[in-house]
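Please keep the sequence and the model in view while reading.

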Amino acid sequence: MWTFHISAFPLRRTGRVQATSVPLCLVVALAGCSPKARSFQGGGAGGAGAGSSGDQGAGAGEPGAGWDGDVPACAVETQATDCDDGNPCTADACASGACVNVPIDGVPALPSGQIAGDCQILTCVAGQPIPAPDDADAEDDGDPCTSDACRGGIATHVVAAGSACGADRVCDAAGACRGANGRACAAPEDCASGRCVGGICCDTACDGICMACDVEGSVGTCSPLGPGVEDTPDCVLENEVCDGMGACKLAPGRRCHRDESCASGVCRENRRCGGFMTE
């Protein structure tokens with residue numbers, strides 16, 4: 001009697017056709033064995049071969065198939081190493097003290113033949129591993145500033161500008177990890193935006209009148225200075241202050257002719273700018 005013990009080989013990723021073992025009936029079919037010529041049972045590896053005359057050759061799935069020269073001796077207990085032919089598209093087993101390597105067809109190759117992150121999958125065709133694109137097999141390149149993917153079986157690592165890459169740090173357009181807007185800086189190159197304004201990484205150059213990047217509640221974003229703030233030297237006239245909307249206008253109490261001339265937006269009947277309204 002011949003005995004086949006086929007080890008389980010789970011596939012490398014969930015979602016593919018799952019095969020946790022090679023059934024005995026599959027071994028019989030692939031090997032071209034006739035159930036009438038041989039019987040299979042769960043005994044040890046030392047049983048004598050049984051079958052009709054003329055059925056002793058070493059065809060596909062026969063003891064010795066796939067090996068040049070002497071067929072390796074094997075034991076069921078150590079068949080995983082004794083009979084490993086290095087081909088991820090064969091089911092390796094020990095039968096009657098001799099190795100049998102049955103070709104696998106139509107399913108992904110065993111994990112030993114797959115390479116994680118190569119954007120490829122090996123599929124068995126008549127016992128041979130054939131590569132095909134696998135866009136679900138992307139490899140993480142370890143760079144927090146790239147987006148890793150497979151396209152048509154080719155690995156791509158695209159710069160992910162604006163992605164977080166650390167505490168108060170983001171990726172710039174070149175893929176470097178630099179300071180996020182609002183982070184303290186000493187030079188433009190410290191900032192992902194490339195702009196260091198008043199010691200703060202800023203979203204713009206922020207060089208407009210009555211604008212700043214360190215306004216409370218909006219640090220890192222160029223924003224108007226509050227109403228009444230003196231923005232020297234932008235407000236060149238000594239009687240002007242910021243109006244809270246990015247412009248220099250007449251300060252409260254200054255002589256005016258119309259509302260829009262005053263930072264408060266109010267020119268009183270006495271032709272003086274009114275004060276700022278408080279909540």
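Between which two strands does the loop with aspartate 140 lie? Aspartate 140 belongs to the loop that runs between strand S4 (128-133) and strand S5 (146-151), where strands are DSSP runs of E with at least two residues, helices are runs of H or I with at least four residues, and the numbering starts from the N terminus. The model is a predicted one, in which local features need pLDDT of at least 70 and side-chain atom pairs count only at pLDDT 80 or more, while totals for chains, interfaces and linings use all residues. Residues are numbered from 1 along each chain as its sequence is written, and side-chain values use heavy atoms, with hydrogens and water left out.

Aspartate 140 counts as exposed because its relative accessible area is 60%; the classes are buried under 20%, exposed over 50% and partly exposed in between, with a 1.4 Å probe and protein chains only. The accessible areas themselves come from the Shrake-Rupley method with a 1.4 Å probe, and for residues only the protein chains shown count as cover. On the surface, Asp140 gathers with Glu139, Asp141 and Asp143 in a patch of negative charge. Such patches are made of residues with over 30% relative accessible area and no salt bridge, like charges being joined within 9 Å and nonpolar side chains (Val, Leu, Ile, Met, Phe, Trp, Tyr) within 5 Å.

Strand S1 (residues 90-95) pairs with S2 in the antiparallel sense over six bridges, pairing being assigned if DSSP finds at least two bridges between two strands. Within this pair, alanine 91 stands opposite valine 102 of S2. The two strands form a hairpin with two residues between them, and serine 96 in the turn has a positive phi of about 55°. How many residues of S2 are buried? Five of its six residues are, and S2 is thus mostly covered.

In the loop between strand S2 (98-103) and S3 lies cysteine 119. Phi of cysteine 119 is near 60°, a positive value in a residue other than glycine. Cysteine 119 counts as buried because its relative accessibility is 0%.

Strand S3 (residues 120-125) continues with S4 as its antiparallel partner, over six bridges. Cysteine 124 has proline 129 in S4 as its bridge partner. S3 and S4 make a hairpin with two residues between them, and alanine 126 in that turn has a positive phi of about 55°.

The charged pairs come next. Side chains of opposite charge can pair when their charged atoms come close. With a salt bridge defined as a side-chain nitrogen of Lys or Arg within 4 Å of a carboxyl oxygen of Asp or Glu, the count comes to three. Arginine 178 meets aspartate 172 at 2.9 Å, N to O; arginine 178 is partly exposed at 29%, whereas aspartate 172 is buried at 9%. Lysine 249 meets aspartate 243 at 3.8 Å, N to O; lysine 249 is partly exposed at 23%, and aspartate 243 is buried at 8%. Between glutamate 260 and arginine 258 the closest N and O atoms are 3.5 Å apart, and arginine 258 is partly exposed at 48%.

The segment after strand S15 (248-250) holds arginine 271, which has a positive phi of about 65° although it is not a glycine. Arginine 271 counts as partly exposed because its relative accessibility is 43%.

Definitions and conventions:
Lys, Arg positive; Asp, Glu negative; His and termini not counted. Charge placed at Lys NZ, Arg CZ, Asp CG, Glu CD.
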